[in-house]
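Please have the sequence and the model at hand while reading.

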Amino acid sequence: MKFTIDHKSPVPLHAQVEELLRELIEQDEYQKGKVLPSEVEISNRLAISRSTVRQAIKKLVFEGLLIRKKKAGTKVAPKPVSSKSNNWLSFSQEMKLRGIPIKNFELHLSWVKPLDDVARFFEISNYKNVLKMERVRGKPDEPFVYFVSYFHPRIGLTGEEDFKLPLYEMLEQEHSIIASLSKEEISATASDEFISKKLEIKKGTPVLFRKRFVFDQGERPIEYNLGYYKSDSFIYSVESSR
C-alpha cells in the first residue's frame, strides 16, 4: 500500500494517519500478530509530529482495533469490539441501529453565558458565550427525552449547521471534529415543572438523568450534555466484559 499523506489537504493530518493505519492493519501480516511500526518510525516516514501519530493510534485503540503494551509495541486486537457493547453513538445513530423511528419535537439554538459547571469543564471564562442546543426527541407518538448540549467555542460552531443530522457526524463533516471519548454520570431524579412540560409527564415523575462529557481525539472537551429520559419509555443498558 502507498504509505503517504497529503500535507496540503484540508483533511486534518491525524485523520489521514488514522485512515492509513486502518488500511495497514487489514493486511495479513498485521492480522497475524506482526507489531506495527513505532510512532517514531511513522512520524519520520510521514514527516509529521509524534503527537499527531499518537492521536490517530489512540482513536483506533479506543475503538478496540488496536492494543498497546509497553515494550511489546502496538498490535491488531485479537478480537474486534462490538460497537453495541463497548462503543457509544449519538442518539440518532443508536436509535437507527435499534430500528426505532425518531421524531424531533423541539430544536432550539441560542448563545449563552456558560453555567459554572460548563465553564469549569471547558476551562473558559463565564463571560465567554457558548452555543447551547436544546432538543426534545422521542417516538412519533410521544417525546421521551430532553437534551441540552453546550459546545466549546473552539469548535467554531456558528448555529447555522444542520443539527438535524446525527450530531457527531455533523461535527466531523462540517468542522473536522471527531468525538472520541465519552464519560457519563447516570442517576435518578424527579422531574421539575420544566422537565415535566417537555416530556409531557406529571411533576415529580421519576426520570433518568444522564450527564455526558465528550472529548475529541486529543482528549480536549467539546460537548457538555445533559439528558432527561422518561423512566417508563427508555432503558439505559450497559454491557461490560473482562
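This is a predicted model: local features need pLDDT of at least 70, side-chain atom pairs count only at pLDDT 80 or more; totals for chains, interfaces and linings use all residues.

**Helix 1**

Helix 1 covers residues 13–24, which makes twelve residues. From its first C-alpha to its last it reaches 16 Å, close to the 16 Å expected at 1.5 Å a residue.

Which residues of helix 1 are buried? They are H14, A15, Q16, V17, E18, L20, L21 and L24. Buried here means under 20% relative accessible area. These buried residues pack against helix 2 (28–31), helix 3 and helix 4.

In sequence, K2 and L24 are 22 residues apart, while their C-alpha atoms lie 9.7 Å apart in space. L24 is among the buried residues of helix 1, whereas K2 counts as exposed because its relative accessibility is 68%.

**Helix 3 and helix 4**

Two packed helices are described by the angle between their axes and the distance between the axes. Helix 3 spans residues 39–46 and helix 4 spans residues 50–62. Their axes come within 9 Å and cross at roughly 120°. Helix 3 and helix 4 are therefore oblique to each other. The crossing of the two helices is right-handed.

Which residues make the contact? On the side of helix 3 they are E39, V40, I42 and S43. Helix 4 contributes R50, V53, R54 and I57. Sorted by type, the residues of this contact are four nonpolar, one polar and three charged.

**Two loop residues with positive phi**

A47 lies in the loop between helix 3 and helix 4. Its phi is positive, about 60°, although A47 is not a glycine. E123, also a residue other than glycine, has a positive phi near 60°. The loop that holds E123 runs between helix 6 (116–122) and strand 4 (130–139).

Are A47 and E123 buried or exposed? A47 counts as exposed because its relative accessibility is 57%. E123 counts as exposed because its value is 71%. The cut-off used in this step is over 50% for exposed.

| Residue | Relative accessibility | Class |
|---|---|---|
| K2 | 68% | exposed |
| A47 | 57% | exposed |
| E123 | 71% | exposed |

Definitions and conventions: Residues are numbered from 1 along each chain as its sequence is written. Side-chain values use heavy atoms; hydrogens and water are left out. Axes are lines fitted to C-alpha atoms, for helices over the stretch in contact, and angles run from 0 to 180 degrees between N-to-C directions. Helices (H or I, at least four residues) and strands (E, at least two) are DSSP runs, numbered from the N terminus. Angles under 35 degrees count as roughly parallel, over 145 as roughly antiparallel, 65 to 115 as roughly perpendicular and the rest as oblique. A crossing is left-handed if the near helix is turned anticlockwise from the far one by less than a right angle, and right-handed if clockwise. Contact means heavy atoms within 4.5 Å. Ala, Val, Leu, Ile, Met, Phe, Trp, Tyr, Cys and Pro count as nonpolar, Asp, Glu, Lys and Arg as charged, and the others, Gly among them, as polar. The expected span of a helix is 1.5 Å times one less than its number of residues. Buried means under 20% relative accessible area, exposed over 50%, partly exposed in between (1.4 Å probe, protein chains only).
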